[in-house]
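Colleague: I would like to go through this entry one feature at a time. Please give the general idea first and then the case at hand.

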Amino acid sequence: MSGLRRLIVLLLAFAVLTGAVLTEAARAADTEGGGWGPANAVRRWIAQTIEKAVNGPDLQVRIGTIGGAVPINFTISDVTVADREGVWLRLEDLRVNLAPTALLTGRAKADAIEAQRVVVERAPLPTEGPEPPPDQGPTSLLPSLPVGVAVDKLAIAELVLAEPLIGQEARLKIDGSLDLASGGSSLEAHLNVDRLGDQPGTVALDVAFNPDDKRLDLNLKASEPAGGLIATALNIPGAPPVNASLDGQGSLDDWKGTFTAAAENAARLAADATIKAVPEGHAVSIAASGDVASLLGPDIAPLAGPQPALKGTVLIAPDGALTLQPVAVETAAATANLSGRVGADRRSLDLRYEIQAGPDSTLHGFAPGIAWREGTVSGTAQGTLDALTVVVEGLIHDLAADDPALASVAGPEVRLDGRALINADTGAVGIEGLTLTTAAASAGAQGSVTGWGQTADVTVSLNADDLSRLSALAGQPLAGSLALAGPVRRQEDGTLTAGLSGALRGLQTGTPADGVLGRDVSLGAQAVMEPGGAMRLTDLTVDGRNGRLTGAAALVDGAVDAKTRLEIADLAPVGTAAGTEMAGGLTLDATARGPLDALVAEAALHARNLAVQGRRFGDTRLNATAENLPAAPQGRVSARTELAGAGLTADAAYALDGQVLRISDLAVANGPNRITGAVRVALDAMTATGKLDGNLPQLQALSELAGVPLTGAAGFTVALDAPNGKQAANLTANATNLRVEGEGGPLLAARRLTANADVADALGNASGKARVELQDGAAAGNDLSRVTASVDGSLAKAAFRAAAAGAGSDPLGLELAGEFTQNGALNRIRLDRLQGRYSGESFRLTQPAAIALGDRRYEVSGLRLVSGNAQLAADLGLNGERLSGELRLDRVPMALARLANPTLRLDGTLNAQATLGGTVRRPQADATVRVANLKAQQTPRPACRA
């Protein structure tokens with residue numbers, strides 16, 4: 001029962017009940033000898049009887065002291081109305097002046113109902129329990145009561161609407177009158193509302209309706225200044241002055257009404273309505289438009305646009321059936337149309353709807369980077385409310401996206417198709433089919449829902465027949481297909497469960513995952529969400545040809561408990577996919593536990609018979625821990641393996657504090673070899689400070705890792721610093737009795753080798769100096785007594801110098817000096833000094849030479865070498881595809897062939913001149929070559945004079 005009807009019935013019951021108890025009250029007075037003395041007890045009995053009659057789980061009424069002449073002219077000190085959360089309505093100093101004799105004419109009449117003060121603390125809670133059964137058949141526009149109700153004067157001196165109700169407290173004064181005929185046959189009401197205080201506002205309403213002559217007169221006037229109640233309740237920005245009016249009069253066979261409302265410089269609304277008699281009944285038409293964006297908020301306002309409009313006609317048949325012909329709503333986002341028929345019982349429907357959003361729709365603003373030519377959603381609703389078939393069809397035409405990955409997934413069209421059988425009385429929904437289809441995949445659902453979602457049993461599915469359409473989204477070429485399906489259920493207590501299983505077929509990712517999963521992969525997972533918010537994932541399985549991933553996780557009261565395992569039976573296919581030769585098997589276990597803001601994670605990797613690029617590591621273990629995730633992770637990392645029969649270990653502790661990563665207790669060991677240190681890294685500037693020390697007394701143990709045989713001992717120190725936020729580094733290194741073996745002998749040998757380097761601003765404009773010195777060694781088959789090399793400068797400009805002194809009866813010698821400069825992408829080298837001696841032949845530069853190296857540009861200019869009487873001059877270039885330059889050789893001894901091959905013994909002289917031109921594809925050369933007195937070692941006399 002509505003609040004208005006309950007109030008009226010309560011007043012009628014009070015009047016009738018008080019009259020009925022007069023006899024009992026008189027008898028009680030006689031019995032107790034007090035005449036009317038026990039009247040207070042009688043009044044209390046009346047109050048308690050009324051309270052008992054109306055109170056229930058959702059309504060508690062308390063009536064205070066009743067005074068005056070009951071039931072004609074009486075007062076009530078106070079009345080409170082409460083719901084499950086307490087009192088929400090208070091009435092104070094209530095005065096009722098009834099006319100009991102009016103009941104003889106079938107009317108309940110009050111000369112006056114007045115209250116000194118009424119306080120509405122908040123809105124009442126909705127009623128719990130089952131909904132009342134729906135009304136059958138057409139209903140009257142007015143409440144149907146057994147007797148008429150008339151109130152000549154309805155007055156509230158002060159009505160207080162508390163802040164929780166409308167956003168600010170308001171104090172109002174109300175005056176009015178009411179005359180409602182029995183059975184709802186006619187109504188006449190007048191109401192005036194004035195706001196009290198320093199912000200005046202008024203509302204005046206006059207209503208007169210007489211169904212007998214079909215006449216309806218409406219008049220509403222409302223106005224308030226800035227900061228008023230209406231603007232505040234509607235959240236109109238700035239709370240401007242508001243004015244509204246409704247004026248309508250005439251017979252319902254030809255009735256016209258107009259409504260206007262305006263909030264100064266903020267919103268406006270205008271509507272016209274008509275009611276006309278037609279052969280089929282009465283046609284009710286309405287046309288409304290206005291600027292209401294400020295009422296909707298910044299998120300919704302763009303959807304409405306500057307001038308949303310409502311237009312439509314509803315045909316009301318004599319039996320109360322409604323026909324929509326149609327009703328249309330136009331907004332900046334879309335145009336919606338609703339047409340069809342609603343039966344007289346208000347339960348039979350045959351409706352059609354359509355929503356269209358074109359290329360100019362403001363919905364585009366909610367999906368940046370996505371555009372479409374037209375989007376439509378249409379469908380039908382047919383049947384009765386207890387068996388309503390609803391069909392939906394959605395289609396987006398010519399979908400385009402700025403992101404190629406999204407465009408590939410969606411394709412030119414996205415389609416939604418659905419069909420459901422709905423029982424609006426019970427909230428039962430039978431989903432016969434719901435499918436979303438894109439170019440890359442389709443998702444579907446089928447099942448049942450009860451109690452408007454209280455319980456559900458739905459089977460969902462996801463299918464992607466061609467994974468290549470997801471390649472752009474994955475950032476990796478994909479091939480194959482995906483199929484997933486399983487039940488999703490909701491229990492009455494709110495528990496939500498889901499179980500999905502499926503498979504990947506013909507999978508190709510172009511990554512090492514192919515070596516683990518193979519082409520066919522089975523998938524599975526079970527998930528539960530409990531009413532308290534706890535979530536659990538169990539039986540997670542990804543099972544492939546060569547590997548298997550399993551796991552489980554739970555999130556309960558903000559704490560995580562998760563574990564997973566990855567097993568790879570054979571690393572060889574993984575290595576093939578990664579382009580690195582590998583062998584062995586691998587198991588990785590990982591866990592994460594604790595609150596979301598302080599997780600503790602552990603990972604343990606165990607590789608069996610591990611081999612990488614031919615290097616056998618055997619049994620290998622890697623362990624890592626992390627605490628205080630994700631804000632400030634810290635923990636340890638350790639690795640254990642074997643290399644060439646010697647243990648290889650690595651350990652370190654780490655801690656991340658904001659943008660600072662600290663690595664401490666770093667220790668790498670292989671047999672007697674040790675590397676230790678600690679480093680602090682500023683992640684925002686990517687600079688590091690700290691120190692690394694290496695003590696490598698047995699280089700032979702590192703031969704397997706280096707890939708070449710090593711002997712000797714070495715040590716180094718790296719010091720890192722960041723003065724003024726710029727990375728600096730210092731390196732000192734030394735080796736003794738170093739020997740690096742090659743196929744035919746040592747590639748490099750040194751009794752002592754030292755290196756020193758200082759670098760400043762290594763990540764910016766790097767500069768510094770470095771020096772390398774070798775003593776008593778050999779390189780490329782040449783004995784060396786001393787070699788030095790140094791560089792000083794920056795990447796943009798640096799000077800370099802090198803010198804080598806050989807050993808033995810015919811030692812080599814070399815001196816080199818010059819300058820390197822960088823100009824954009826072009827690198828230039830100037831050779832200021834180049835002289836040396838090799839295999840008894842000496843040579844030197846006669847002038848500085850220049851070398852230029854760049855993108856498809858290689859040039860040598862000014863190169864002039866002399867060796868005794870021999871001379872070499874070269875000016876050569878390759879610029880893009882073009883060749884150019886000259887090469888000249890004068891009196892070059894053929895004995896210099898020993899520089900290329902020490903076993904080749906030739907005598908004689910060589911003279912040559914060549915000019916180059918053309919392109920790389922079609923080179924051109926003009927060359928002259930002359931050889932004089934050529935003689936090989938086996939030839940006793942000149943074989944050729946020219």
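Modeller: We can begin with charge: Lys and Arg count as positive and Asp and Glu as negative, while His and the chain ends are not counted. The place of a charge is taken as NZ of Lys, CZ of Arg, CG of Asp or CD of Glu. In the protein chain there are 81 positive and 103 negative side chains, with 13 Å between the centres of the two sets.

Colleague: What should I know about the model and its numbering?

Modeller: This is a predicted model, in which local features need pLDDT of at least 70 and side-chain atom pairs count only at pLDDT 80 or more, whereas totals for chains, interfaces and linings use all residues. Residues are numbered from 1 along each chain as its sequence is written, and side-chain values use heavy atoms, with hydrogens and water left out.

Colleague: How many helices and strands does the protein chain have?

Modeller: Helices (H or I, at least four residues) and strands (E, at least two) are DSSP runs, numbered from the N terminus. The protein chain has 11 helices and 55 strands. Its radius of gyration is 48 Å, well over the 30 Å that the globule rule gives for 946 residues, so the chain is more spread out than a compact globule. That radius is taken over C-alpha atoms, and the rule is 2.2 Å times the number of residues to the power 0.38. The C-alpha trace spans about 165 × 65 × 60 Å along its principal axes.

Colleague: What share of the residues is buried?

Modeller: Buried means under 20% relative accessible area, exposed over 50%, and partly exposed in between (1.4 Å probe, protein chains only). Of the 946 residues, 32% count as buried. Accessible areas come from the Shrake-Rupley method with a 1.4 Å probe, and for residues only the protein chains shown count as cover. The total for the protein chain is about 51600 Å², and carbon and sulfur atoms hold 57% of that surface.

Colleague: Which contacts join residues at least 24 apart, and what is their share?

Modeller: Contact means heavy atoms within 4.5 Å. Taking contacts between residues at least 6 apart in sequence, 37% join residues at least 24 apart.

Colleague: And T260, which residues is it in contact with?

Modeller: T260 is in strand β12 and is partly exposed, at 34% relative accessible area. Setting aside neighbours within four places in sequence, T260 contacts N243, A244, S245 and L269.

Colleague: How many salt bridges does the structure hold?

Modeller: Side chains of opposite charge can pair when their charged atoms come close. A salt bridge is a side-chain nitrogen of Lys or Arg within 4 Å of a carboxyl oxygen of Asp or Glu. The structure holds 38 salt bridges. One of them pairs D254 with K276, with the closest N and O atoms 3.1 Å apart. D254 lies in strand β12 (residues 254–263) and K276 in strand β13 (residues 267–278), so the pair ties together parts that are 22 residues apart in sequence. D254 is partly exposed at 45%, and K276 is partly exposed at 38%.

Colleague: Where do D651 and R640 lie?

Modeller: Their side chains meet in a salt bridge at 3.0 Å, N to O. D651 is in strand β37 (residues 646–657) and R640 in strand β36 (residues 634–643), so this pair ties together parts 11 residues apart in sequence. R640 is partly exposed, at 38% relative accessibility. Elsewhere, salt bridges that share partners join E92, R117, E158 and R171 into one network.

Colleague: What about backbone geometry?

Modeller: Most residues other than glycine have a negative phi, and most peptide bonds are trans. D539, in strand β30 (residues 535–543), has a positive phi near 55° and is exposed at 52%. N737, in strand β42 (residues 728–741), has a positive phi of about 50° and is exposed at 54%. The peptide bond from L629 to P630 is cis, with omega near 0°.

Colleague: Which residues does D597 touch?

Modeller: Not counting residues up to four places away in sequence, D597 touches L629 and P630. P630 is in the loop between β35 (615–629) and β36, and D597 is in the loop between β33 (582–595) and β34 (599–612). D597 is exposed, at 60% relative accessibility.
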